[in-house]
Amino acid sequence: MDYITADNIHDVVSGLFMDNTAVKAYLLLCNRSVQTKEMNKLRQNFGQYFSLFPILRRDPEEFKKYMRMSIETFDYILEGVTPLLRKNWNQLHTRAIGAEERLVVTLRFLATGATYESLKFTFFMGKSTIAGIIKETVVAIRDAFHETHMSLLNRERLRNIAEGFQRAVYFNYKHYFSIVLQAQVDAYGRFASIDVGGFGQQSDGGTFATSDLYTYIEDGDIVIPRAEKLPGTNIWLPHFFIGDDAYLLALHTLKAYSGKALSLSQRNFNEFFNGIRRIVECAFGMMTNKFRMLLTTLHQHPKTVDHLVRCICLLHDIIIDREGLTGDEPHGRVRNIRVRSCPRNLDRQRRLGGSGVQAREDLRTYLDSRK
């Protein structure tokens, strides 16, 4: 008589209940569970966090290619999120997943856009485990760093952004954008504020009208700095946001001249104006080339996409704040993201401060005088 052991129990049960479909299904699930657990046991031997990451930590150049940031920036983020990701593991957890490993998994997901199924074989974890890690970590990054690197716009911050544009280095390439993400960008390509929109279903007008920025300006929570004299002139010019042709021309929202029958002065103004506006496109280009998840199809719940996009924008700002613009950013031609712009006809905007026609004319006159 043969004894039933752990090695032959599946064969014995299968032989006794060969015609029982439910038992067959159970055995398949058992096999899958055993295989998954066996793979998880190998995590500390073959998972990239244990087998590759320690090697990369000794090679700053390769580390930056893998993590899309320097070792110093990674450690800075790790220090911020560790208290938020700390788990109360019991003693039975011999293979606990620590904060650093969670951050590595999340950043690789954001950097590559790999599926959970693919990451499962990279880090030797269960698919649901990876999904939970990413969901928790992007929220932790937001909670730890939003106030420091993407705080609420106020008069002082807007003035600093304006002063930065006076020293800005203009970038001379153009990209094409398509995801619903409205952003205000400073002179160094950092996102001053963002609004993730309606995931392709909301109109341009609806995106801006429901944005935090529009609400703050309407309610007076953001105080635009007072008008200042242009250097060497008696021309007073208000501080303003710039945008493409879809923006409404208003006192604090300027755009280039439209139409074909433009004077030489107007064409020169547009060239100057659009050169500044391309900084926005440069910011999106740098971000998408670091975090290529944005170039993939995201099989995620809309709320999860919201968290992912906000986290990436925040990481973009953290990297620039910590490392600056080094000149080695991989720009490339990005075609899958478009900046959502303000509406063409939004009557409520007119209360933001009169007409921008005179402000645009004054700025054009000043630029002509500098030639």
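Biologist: How many salt bridges does the count come to here?

Modeller: The count comes to 16 salt bridges. Keep in mind that this is a predicted model.

Biologist: What makes Arg57 and Glu100 a salt bridge?

Modeller: Their side chains meet at 2.9 Å, N to O. The cut-off is within 4 Å, from a side-chain nitrogen of Lys or Arg to a carboxyl oxygen of Asp or Glu, so this pair counts as a salt bridge.

Biologist: Which parts does that pair tie together?

Modeller: Arg57 lies in the loop between helix 5 (53–56) and helix 6 (60–67), while Glu100 is in helix 8, so the pair ties together parts that are 43 residues apart in sequence.

Biologist: Why is Arg57 called partly exposed?

Modeller: Its relative accessible area is 26%. Buried means under 20% and exposed means over 50%, so Arg57, in between, is partly exposed.

Biologist: And how do you know that Glu281 and Arg277 form a salt bridge?

Modeller: The side chains of Glu281 and Arg277 meet at 3.7 Å, N to O. That value is within 4 Å, so the pair meets the rule. Both residues lie in helix 14 (residues 264–290), four residues apart, about one turn of the helix.

Biologist: Which residues do salt bridges with shared partners join into one network?

Modeller: That network is made of Arg57, Asp75 and Glu100.

Biologist: Let us turn to the helices. How do you know that helix 7 and helix 8 pack, and at what angle?

Modeller: Helix 7 (residues 71–85) and helix 8 (residues 99–112) have axes 9 Å apart and an angle of about 115 degrees. Residues of the two helices also meet: Phe74 and Leu78 are among those in helix 7, and Leu103 and Leu107 among those in helix 8.

Biologist: What makes up that contact by class?

Modeller: The contact of helix 7 with helix 8 has eight nonpolar, one polar and two charged residues. Glu and Arg count as charged, so Glu100 and Arg102 in helix 8 are the charged residues there.

How values were computed. Residues are numbered from 1 along each chain as its sequence is written. This is a predicted model: local features need pLDDT of at least 70, side-chain atom pairs count only at pLDDT 80 or more; totals for chains, interfaces and linings use all residues. Side-chain values use heavy atoms; hydrogens and water are left out. Axes are lines fitted to C-alpha atoms, for helices over the stretch in contact, and angles run from 0 to 180 degrees between N-to-C directions. Contact means heavy atoms within 4.5 Å. Buried means under 20% relative accessible area, exposed over 50%, partly exposed in between (1.4 Å probe, protein chains only).
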